[in-house]
Amino acid sequence: MLLKPLDVPVAALFSTLGRTAARGLETKLCCGWALEFYNQLLANIKNGDTRTQNNMKWEPETWPKQAKGIGMVEAPRGASRIFIVIEDKKIANYQLVVPTTWNASPRDPQRPAFGLRGIPHSELRLPIRKNPLEVLRTIHSFDPCLACAVHLYDENGSTIHEMKSY
């Protein structure tokens, strides 16, 4: 489905190409499952099974003075967590922890920020100074949203290139 039209060997899947293709295939699978779950939900409701619906606190007038909520959702690049505090029917605090936060792993001493250690040089098509977009493509294959914050530094900490998002 992928390798034949591109005329590349299986080994090509262990690269930026493979990660990007896997993300696309996973998204296609998840969309199919979401449609299947949605159709099951509609069928249940049509058959009178409304256990998944609770109208009791739909209207703000029925809310307590303070309420807290947590939401969790899976996205193609990882899990999102949403936290909310409502006071006097208004949002007092809202926090969204997105997959990029986890993927970049800024507090993991084994993988600081988002290093490219271990990525084969052939995948990055060095020299980076002449072709910094290859680094962006590689980072993008791990997490599409992280690529907008990519900065390249040499071993002395001098800036090689900064990706600018507009």
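1. Starting with the overall burial: of the 166 residues in the chain, buried ones make up 20%. Keep in mind that this is a predicted model. The accessible surface comes to about 12800 Å², and carbon and sulfur atoms account for 60% of that area.

2. On the fold, I count along with the assignment: five helices and five strands. Going along the sequence, the order is α-α-β-β-β-α-α-α-β-β. As for how far contacts reach, take those between residues at least 6 apart in sequence: 29% of them join residues at least 24 apart.

3. The β2/β3 pair is worth a look. Strand β2 covers residues 78-87, and strand β3 covers residues 90-97. The two run antiparallel to each other, with seven bridges between them.

4. Now the turn. The hairpin formed by β2 and β3 leaves two residues between the strands, and aspartate 88 has a positive phi there, near 50°. I'd have a look at that spot in the viewer.

5. Then serine 80, which sits in β2. Is serine 80 buried or exposed? Its relative accessibility is 9%, and the cut-off for buried is under 20%, so serine 80 counts as buried.

6. What does serine 80 contact, once neighbours within four places in sequence are set aside? The list is Gly71, Met72, Val73, Val97, Val98 and Pro99.

Notes
Residues are numbered from 1 along each chain as its sequence is written. This is a predicted model: local features need pLDDT of at least 70, side-chain atom pairs count only at pLDDT 80 or more; totals for chains, interfaces and linings use all residues. Side-chain values use heavy atoms; hydrogens and water are left out. Helices (H or I, at least four residues) and strands (E, at least two) are DSSP runs, numbered from the N terminus. Buried means under 20% relative accessible area, exposed over 50%, partly exposed in between (1.4 Å probe, protein chains only). Contact means heavy atoms within 4.5 Å. Accessible areas come from the Shrake-Rupley method with a 1.4 Å probe; for residues, only the protein chains shown count as cover. Two strands pair if DSSP finds at least two bridges between them.
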